[in-house]
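Dear colleague,

Please find below the structure that I am handing over to you. My findings follow directly after it.

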Amino acid sequence: SSGINAEWPLRPGATEASSTTFPLTFGSPYNAVHDNALVKQVDLPSTTGHFGILPHHVPTIAILVPGTISITNEAGDVAKYFVSSGTATIHPDSSVQILAEEICAVADIDDGAVRAGLEAAQGKLSSASSEADKAAAQIEIEVYQSMISAA
């Protein structure tokens, strides 16, 4: 026996997925966007590439990379959010939990401020003297470039 429980119990209070929707909890340390909201689909950026989540997706844990999360609600409307990093967990009961370090509605991204931040980060990279400073500047550049792509 592998010691893995094939009959995972449902989390207390979890909402069962239907054939067309599943419960989504999406938030950060600073705000909650959804708390067990029923949605049709979520598309997200991960270290293994962008992927979509539909009802009854295989249980998965994914590490988020900077990029856009698209959430399709029950009515079919799509909301887009930029995330800097985080995790996504698809539970055996089909509920999905996305925890992000930072969340921003794509519509709220200030293109001018992002481009100024990118320019500053590129300056930091070119003047960085240590490997740690270079790595920090490179991460900033990647986040700003992802924000420009999202907007």
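Apart from neighbours within four places in sequence, Cys-104 is in contact with Tyr-81, Phe-82 and Ile-109. Please note that this is a predicted model. Cys-104 itself lies in strand 9, which covers residues 103-105. Is Cys-104 buried, partly exposed or exposed? Its relative accessible area is 23%; because buried requires a value under 20% and exposed a value over 50%, Cys-104 counts as partly exposed. Val-33 is 71 residues away from Cys-104 along the chain, and the C-alpha atoms of these two residues are separated by 10.0 Å.

Turning to the protein as a whole, there are 2 helices and 9 strands. Their order along the sequence is β-β-β-β-β-β-β-β-β-α-α. The protein has 151 residues, of which 35% count as buried. Among contacts with a separation of 6 or more, 50% are between residues 24 or more positions apart. The protein exposes about 8600 Å², and carbon and sulfur atoms supply 54% of that area.

Helix 2 deserves a separate paragraph. With 20 residues (131-150) at 1.5 Å a residue, helix 2 should span 28 Å, and its end C-alpha atoms are 29 Å apart, which agrees. The buried residues of helix 2 are Ala-137, Ile-141, Val-143, Ser-146, Met-147 and Ala-150. In an α-helix there are 3.6 residues a turn, so residues three or four places apart point the same way. The cover over the buried residues of helix 2 includes strand 5 (67-73), strand 6 (78-83) and helix 1 (111-127).

Yours sincerely

Notes: Residues numbered from 1 in each chain as written. Predicted model: local features only at pLDDT ≥ 70, side-chain atom pairs only at ≥ 80, totals over all residues. Heavy atoms only, no water. Helix = DSSP H or I, 4+ residues; strand = E, 2+ residues; numbered from the N terminus. Buried < 20%, exposed > 50% of the residue type's maximum accessible area, 1.4 Å probe, protein only. Contact = heavy atoms within 4.5 Å. Areas by Shrake-Rupley, 256 points an atom, 1.4 Å probe, with all protein chains shown as cover. Expected span 1.5 Å × (residues − 1).
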